Amino acid sequence: MNPLKELEHYGQSVWLDYIRRNMFSSGELKRYVEEDGLKGMTSNPAIFEKAITGSDDYAEALKEARAKGTSDPMKLFETLAVPDIQQAADVLQPVYEKTKKLDGYVSLEVSPYKARDTEGTLADARRLWKDVSRPNLMVKVPGTPEGIPAFEQLISEGININVTLLFSNDAYERVAQAYLAGLERREGDLSGIASVASFFVSRIDVLIDGLLEKEIENMSGTGEEQLARSLMGKVAIANAKLAYQRYKQIFSGPRWEKLKARGAQPQRLLWASTSTKNPEYRDVMYCEELIGPLTVNTMPPSTFDAFRDHGRLRNSLEENVDAARAVMANLEKVNISMKAVTDKLLVDGLKLFADAFDKLLNALDARCRTDVKPKLTGQTYKLAPEVEKKVKASLDEWQATGKVRRMWAGDPSVWTGQDEGRWLGWLTITEDQLAHAEHLAEIADDVRKAGFQHAVLLGMGGSSLCVEVMEKTFGSAPGYPRMHVLDSTDPAQVKALESEIEIAKTLFIVSSKSGTTLEPNIFKQYFFERTAQTVGAGKAGSHFAAITDPGSQLEQIAKSDSFRYIFHGLPSIGGRYSALSDFGMAPSAIMGVDLTKFLDKTEEMVHACTSCVATDHNPGVILGTILGTLANEGRDKVTIVASPAIADLGAWLEQLLAESTGKEGKGLIPVDRELPGNPSVYGKDRVFVYERYTPEPDPEQDNAVNGLALAGHPVVQIAVDDKYDLGQEFFRWEIATATAGSIIGINPFNQPDVEASKVVTKKLTSEYEKSGSLPPEKPIFEAEGIKLFTDDANAAELGSEKSLEAYITAHLNRLNPGDYFALLAYVEMSALHDKQLQSMRHAVRDHKKVATCVGFGPRYLHSTGQAYKGGPNTGVFLQITCDDAQDLPVPGQKYTFGIVKAAQARGDFAVLTERKRRALRVHLGKDVHQGLAVLGAAITKALV
């Protein structure tokens, strides 16, 4: 059963709130009509703008318009939009005829600039009606005081109208009465006239829930607080249900019967803005709760796909009408005026549409002046002919089997048929985040006004890496706190961070999806105690925020400790795909990033990668197909080259690629921060991806990458034109990783081997809590203040050597063509230590001609650690541990930060050797710099 198609049995028509040219040529729209029962479409400037700027669908039309000298952006818009509307109307013509003109409509709106201009609206609507010249066009007119009389006149002229931006029942009443008046003014048969009243839903809850939260802050422990909480997420549906009751009254009785006798149709209520903006609410809530006869639900593609997948059907629209009335009455009791809310929503809605139109016209103006490239053409690649042929064949197969559409619809058979469909919330998160951007900006303003000079993100992996990228790329805006990231249990690292901040002026952000992750929990324990000691126990909570999934252990702690803020993630988004959720965006807002701008630009990439885009025009799918195809050909070392201005993007990509694909003996091994070398030092296992920041390119990188391409290495080059395009890269790579995972044949959303390491670590720390010590271990070699450890199998393979240099030589001699070398250092991540490790990795790369990786522990455990243990067994690992010069206690525990780090290193090493990896552990003394120098010298000698 397809719930979308079944809606017609309940008398409801489903329309799609989306349009772009590719839908017609690909046959996607026709498929929606035939398979999903689609009965209409709506469009708006934002949709057109994303389609035009995010694709090359309109490249030829733009070229023709420029050749004809068309330079007026408004005229150019209509030159592009009118043919789209005509094509959509033609596809929907059979629906129009079959339903006897009830459905089959396509909407195109008048200029938002005319929203307060009756005569201007009339002129625009008449012109569009004439230009489109299709009987199943609906011209969209805003339901403003100036728009309603224009609407009445247009109905009297026989023009179909979609009255939009309706929020209040009073406004709906005026629109419905104007419809009747317009019909009455028209002579003769009325059967060819249609209209819908677009009643906006979710935006009401977004605004009112925010107001309720503010009211609840001042109602703690009162009966009013319970009443206010009971209204959360309830008002929009209640408001819509009451509008439907009024609809039934208006379209009955003598006045209506007269018009009905002349062939008139009722003006149906159309539920608009039906995507759920709050991740705590069911994603199809506004569809499931508003099902009723003679109504329309216009859904954006994500909601459309979600309802097809798991929509539940019932005649819900007339359930609990008395309860709906009670909700509206109770709203006044908690000091919220529905009139004030709907007045504000109308003003905001008009501004949003006008801003979207501004953006559209500005984009078209740029296209008139220069040949601006869509997102697709910002990505180029150079492959061997035989590989390019295989990539094309894979893209064709994806197109033929509808895999991109199935991905967006949450079909797990795109991957392994397990639970993959549960983990796709990241596909649609940007729209939800845009709806909450203002709320996050308000919180950021509160942080600024509170005088916080520092913010510290306490998290690991997906909870920390995006924030690190944002901080290193953007820094903090003037007046906003400087952001720091702590993702290491190394005591020296913790103390180094503490020395950089003033605790009394610091906001600590504890970030963990489950709230059970070891590292964020002990970070919180340490800094909460330090904050209580500094500002007093009663005020410590006001210096803390939490980012976590609803109902998690961390949320309970945050409430118990009176945290200043609690941000919620989406349970359907795994950690490494969470960059565009609150895990990445809330800290970004706090450091002063303009999230509206950031997410709006991100949406361009979302639209460029949607299900209706042909696979060979979908930037994310193309990238993923290249990576997956090359991996299956043995080129599984994805070497990331990034311009200095966006260099830290590689750290985020490492986690996304390695943790998503490195399992079941397969996967991509990301190589980050390896300086470009002579083409001769690279084997046949490499693919290079160059993230090039076009405003500040690095000439040396340009020359090196060009040299690699000329030498026959596969190279993908991506142009990043603005730092605010970083969100586009997050989304491009998420799509690419999901695609590559499918081609490689794994589930890209689980991380089984990360969990294995956590289990061993927990066992070791628990043992320490009981006995006061970790299990004893015996080195296989000790000299020069350095000890070597490994398991019996590795020891047997290395042999009994007499010097550190000899052991290192034997270990490096285990590297074969197609292998990679990984330095895994459980030491402070300082610039000095990093420089020493980078020197070692490049020496090995140049002499052994293998890919090399550097990871600081324990942070890499939540990143590349998955691929090292679960991916292809091609790694040779040199783990580095040390004695801590100064340790730190973990409040409430026997173990210290140093003990936790040691347990994590030993747990990691145990799983590596259990998986039969070639691994050797080098343990340094307390002087890490000196110890690394000795190790570096041994590696240098071993390579001679």
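**Reading strands, sheets and cysteines**

Reply: H454 stands opposite T506 in β12. Before going further, note that this is a predicted model, in which local features need pLDDT of at least 70 and side-chain atom pairs count only at pLDDT 80 or more, while totals for chains, interfaces and linings use all residues. Residues are numbered from 1 along each chain as its sequence is written, and side-chain values use heavy atoms, with hydrogens and water left out.

Me: In which sense do β10 and β12 pair, and over how many bridges?

Reply: Two strands pair if DSSP finds at least two bridges between them, and strands themselves are DSSP runs of E with at least two residues, just as helices are runs of H or I with at least four, numbered from the N terminus. Here β10, residues 454-458, and β12, residues 506-511, are paired in the parallel sense over 5 bridges.

Me: What is the order of the strands in the open sheet?

Reply: The order is β11-β10-β12-β13-β14, 5 strands with parallel pairing. Its edge strands, β11 (482-486) and β14 (565-568), each pair on one side only, and from one strand to the next the twist averages 20 degrees.

Me: Which strands does helix α23 lie across, and at what angle does the helix run to β12?

Reply: Contact means heavy atoms within 4.5 Å, and axes are lines fitted to C-alpha atoms, for helices over the stretch in contact, with angles from 0 to 180 degrees between N-to-C directions. Helix α23 (residues 518-535) lies across β10, β11, β12 and β13 (544-548), running at about 155 degrees to β12. Helix α25 (residues 582-590) lies across β10, β11, β12, β13 and β14, and runs at about 150 degrees to β13.

Me: How many residues of β7 are buried?

Reply: Buried means under 20% relative accessible area, exposed means over 50%, and partly exposed lies in between, using a 1.4 Å probe and protein chains only. In β7 (residues 268-272), 5 of the 5 residues are buried: R268, L270 and A272 point one way, and L269 and W271 the other way. Strand β6 (residues 195-200) pairs with β7 in the parallel sense over 5 bridges, with F200 opposite A272, whereas 3 bridges join β7 to the parallel strand β8 (residues 295-299), where N297 stands opposite W271.

Me: How many disulfides does the structure hold?

Reply: A disulfide is a covalent bond between the sulfur atoms of two cysteines, identified here as a pair of cysteine sulfur atoms within 2.5 Å. The structure holds 0 disulfides.

Me: Why does C609 count as buried?

Reply: C609 counts as buried because its relative accessibility is 1%; C853 is also buried, with a relative accessible area of 1%.
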